[in-house]
Amino acid sequence: MTADVWLPIPPDEIEGLPQGPAYRFWDGAEEFPADPADCAFYVVPYMKPSDIGVRPMPQMSSLRVVQTLSAGTDHVEAGLRHLPPGVRLCNARGVHEASTAELALALILASLRGIPDFVRAQDRGEWQGGFHPALADKNVLIVGYGSIGAAIEDRLAPFELARVARVARSGRTTARGPVHPLTDLPSLLPDADVVVLSTPLTESTRGLVNAGFLARMKDGALLVNVARGPIVDTKALLTELDSGRITAALDVTDPEPLPPGHPLWHAPGVLISPHVGGPTSAFLPRAKRLLTGQLRRFVNQEPLANVILTTGAASA
């Protein structure tokens with residue numbers, strides 16, 4: 001039986017798709033391209049609200065694979081309970097590392113060197129000098145040391161840092177040095193000049209950056225979030241920002257999108273970008289390569305890459 005594959009990119013724009021499946025283009029439109037019950041491989045529309053991505057899932061009774069085009073999968077997890085057992089959920093590891101790491105570095109440098117103030121002064125036609133911190137000789141703490149966290153460290157390497165500390169769910173050793181478990185965070189935070197969040201949103205990381213976490217950060221430290229907004233307690237962050245004790249650079253917020261009039265927009269010492277870590281010119285070619293590779297494995301009944309979980313399987 002021919003299997004349907006739902007793609008959020010027109011299939012004629014993806015070179016190298018394997019023959020066999022019936023490819024259907026669906027990018028979140030009101031009407032489905034075919035009967036969801038016939039879909040075997042579902043690629044979730046990219047950068048669309050969660051309710052759009054999960055909408056067809058309760059009807060996908062023949063589904064075998066859910067493939068996201070994002071590094072995180074939290075936006076589709078609500079739909080997993082509707083799926084039959086044995087469906088594999090795969091993320092987009094390998095697609096977003098370069099773009100997200102670039103943005104993390106840009107946010108760090110812009111915040112430390114006062115770029116937003118320079119832009120505002122230019123708008124006013126004012127020559128505004130001053131003293132600003134350098135990234136050189138700083139201690140950087142990366143919270144969430146998966147492929148994106150490692151890519152961030154790759155880009156930090158030339159900047160003559162004093163130290164990079166790494167934290168993940170569990171400790172391990174890498175070629176660059178040790179990765180500490182999350183339980184070590186309280187002892188690592190006081191030494192960090194820059195704290196970069198690149199961890200997935202899970203039950204253990206939701207609200208991780210709370211009042212206690214922020215209180216342990218040193219005076220003058222910079223918090224950078226290129227992960228997910230709910231990892232940070234917004235109210236606790238606003239308290240610290242309003243005091244002027246720390247600064248922040250946020251590509252993601254809670255709530256998101258940040259509504260007009262929200263106090264984060266005008267909090268002192270904060271730089272906000274509108275969740276643009278992934279959508280760059282680097283996205284589409286990498287996404288297409290991921291999809292062609294995954295679909296070849298699927299058609300040839302080979303093990304898929306980037307499998308996060310399988311529905312109906314016991315939790316590890």
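# Briefing: a sheet, a helix pair and selected contacts

The backbone oxygen of serine 70 lies 2.9 Å from a polar atom of the side chain of threonine 68. A polar contact is a pair of N or O atoms within 3.5 Å; within protein, one atom must be able to donate a hydrogen and the other to accept it, and residues adjacent in sequence count only if both atoms are side-chain atoms. The model is predicted: local features need pLDDT of at least 70 and side-chain atom pairs count only at pLDDT 80 or more, while totals for chains, interfaces and linings use all residues. Residues are numbered from 1 along each chain as its sequence is written, and side-chain values use heavy atoms, with hydrogens and water left out.

**Threonine 68**

- Threonine 68 lies in the loop between strand E4 (65–67) and helix H2 (77–80). Helices (H or I, at least four residues) and strands (E, at least two) are DSSP runs, numbered from the N terminus.
- Threonine 68 is buried, with a relative accessible area of 0%. Buried means under 20% relative accessible area, exposed over 50%, and partly exposed in between (1.4 Å probe, protein chains only).
- Leaving out residues up to four places away in sequence, threonine 68 touches Val44, Thr73, His75, Val76, Leu89, Cys90, Asn91, Ala92 and Leu290. Contact means heavy atoms within 4.5 Å.

**Alanine 305**

- Alanine 305 is found in the loop between helix H9 (283–299) and strand E14 (307–310).
- With 23% relative accessibility, alanine 305 counts as partly exposed.
- Alanine 305 and cysteine 90 are 215 residues apart along the chain, and their C-alpha atoms are separated by 7.2 Å.
- Cys90 is also among the residues that alanine 305 touches, together with Gln294 and Arg297, not counting residues up to four places away in sequence.

**The sheet**

- An open sheet is formed by 8 strands in the order E8-E9-E7-E6-E10-E11-E12-E13, with mixed pairing. Two strands pair if DSSP finds at least two bridges between them.
- Strand E8 (172–174) and strand E13 (270–272) are the edge strands, and each pairs on one side only.
- From one strand to the next, the twist averages 20 degrees.
- Helix H8 (residues 234–243) packs on the sheet and touches strand E11 (222–225), strand E12 (247–250) and E13. The direction of H8 makes about 130 degrees with that of E12. Axes are lines fitted to C-alpha atoms, for helices over the stretch in contact, and angles run from 0 to 180 degrees between N-to-C directions.
- Strand E7 (residues 163–168) and strand E9 (residues 177–181) run parallel and are joined by 3 bridges.

**Histidine 180**

- Histidine 180 is in strand E9, and it is the bridge partner of valine 167.
- Not counting residues up to four places away in sequence, histidine 180 touches Arg163, Arg166, Val167, Ala168, Gly171 and Leu188.
- Histidine 180 and tyrosine 145 are 35 residues apart in sequence and 9.3 Å apart in space, C-alpha to C-alpha.

**The helix pair**

- Helix H3 (residues 97–113) and helix H4 (residues 115–124) pack at an angle of about 65 degrees, and their axes are 5 Å apart.
- Leu109, Ala110 and Arg113 of H3 make the contact with Ile115, Pro116 and Phe118 of H4.
- By class, this contact has 5 nonpolar, no polar and 1 charged residues. Ala, Val, Leu, Ile, Met, Phe, Trp, Tyr, Cys and Pro count as nonpolar, Asp, Glu, Lys and Arg as charged, and the others, Gly among them, as polar.

**Salt bridges**

- The count comes to 11 salt bridges, where a salt bridge is a side-chain nitrogen of Lys or Arg within 4 Å of a carboxyl oxygen of Asp or Glu.
- One of them joins arginine 24 and aspartate 4 (3.3 Å, N to O). The pair links distant parts of the chain, with arginine 24 in strand E2 (residues 22–25) and aspartate 4 in strand E1 (residues 4–7), 20 residues apart.
- Arginine 24 is partly exposed at 30% relative accessibility, whereas aspartate 4 is buried at 5%.
- Lysine 48 and aspartate 27 also form a salt bridge (3.4 Å, N to O). Lysine 48 lies in the loop between strand E3 (39–43) and helix H1 (50–54) and aspartate 27 in the loop between E2 and E3, so the pair ties together parts 21 residues apart in sequence.
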